[in-house]
Amino acid sequence: MGLKDYLRNSLDIHYKTDDGLKYQIVGNEVKITGYTKQVQITEIPSYIDDLPVGIVSGLQSIPVAGELLIPNTVHTICMNALNITKSITKIILPDSVKSIDAAAFSFSEALEEIRFPEGMDFLDTPEAVCSNCIKLKTVSLPSTMKRIP
C-alpha cells in the first residue's frame with residue numbers, strides 16, 4: 001500500500017464527485033456520506049475512484065425524482081440513508097444488499113414501491129425501515145425471508 005492509500009484509509013477524509021455526491025473511502029470500498037446542493041443523479045454509482053460503492057448513507061432529503069437505482073455493489077443501507085425524500089417513488093434493492101438499518105427509507109412521502117432483495121432472510125424492524133411512507137402501495141419481500149419480528 002502506497003502513502004496515498006495509507007493516508008486515504010487512515011484519515012477521515014471526505015471527497016466529492018462531479019455530480020455532487022460526498023463520500024469516504026473505507027478499506028477497499030466507498031461509503032456514500034451525503035450530497036451537495038448541486039447533486040444531479042438518478043442512480044447511485046457502482047464505482048468511484050475505481051473502488052466499489054458498498055455502503056449508502058447520508059442521503060436524507062436528496063432531490064431525486066422517480067426511481068432511484070442502487071447498484072449491485074452495495075451491500076449496506078445505513079440508518080436514515082434515504083429518508084425524508086420528497087420525490088423518490090420506487091426503490092429496487094439489488095440482491096447484493098444484505099443489511100438495511102432502521103429508518104432507512106422512513107418519511108419518504110412519494111415512495112410507492114420498494115423491493116427487498118433476494119438473499120435477505122431477516123429484516124430488523126421492517127415497520128421502521130419504511131415507516132410513515134404515506135403513499136407506499138407495494139412492498140415485495142424475498143422468498144428467502146424467514147423472519148419478520
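Let me begin with a definition: a residue counts as buried when its relative accessible area is under 20%, and by that criterion cysteine 78, at 14% relative accessibility, is buried. Please keep in mind that what we are looking at is a predicted model.

Staying with the cysteines, cysteine 130 also counts as buried, with a relative accessibility of 12%. Cysteine 130 takes part in no disulfide, and the nearest cysteine sulfur, which belongs to cysteine 133, lies 5.4 Å away. For the structure as a whole, the number of disulfides is 0.

Let me turn to the charged side chains, where a search of the whole structure gives 2 salt bridges. One of them joins lysine 86 to glutamate 109, with an N to O distance of 3.8 Å. Lysine 86 sits in the loop between β7 and β8, while glutamate 109 sits in the loop between β9 and β10, so this pair ties together parts that are 23 residues apart in sequence. Lysine 86 is exposed, at a relative accessible area of 56%, whereas glutamate 109, at 36%, is partly exposed.

And which residue does aspartate 95 pair with in a salt bridge? The partner is arginine 115, and the closest N and O atoms are 3.1 Å apart. Here too the pair links distant parts of the chain, with aspartate 95 in the loop between β8 and β9 and arginine 115 in strand β10, 20 residues apart. As for accessibility, aspartate 95 is partly exposed at 37%, and arginine 115 is partly exposed at 26%.

Note on methods
Residues numbered from 1 in each chain as written. Predicted model: local features only at pLDDT ≥ 70, side-chain atom pairs only at ≥ 80, totals over all residues. Heavy atoms only, no water. Salt bridge = Lys/Arg side-chain N within 4 Å of Asp/Glu carboxyl O. Helix = DSSP H or I, 4+ residues; strand = E, 2+ residues; numbered from the N terminus. Buried < 20%, exposed > 50% of the residue type's maximum accessible area, 1.4 Å probe, protein only. Disulfide = S-S within 2.5 Å.
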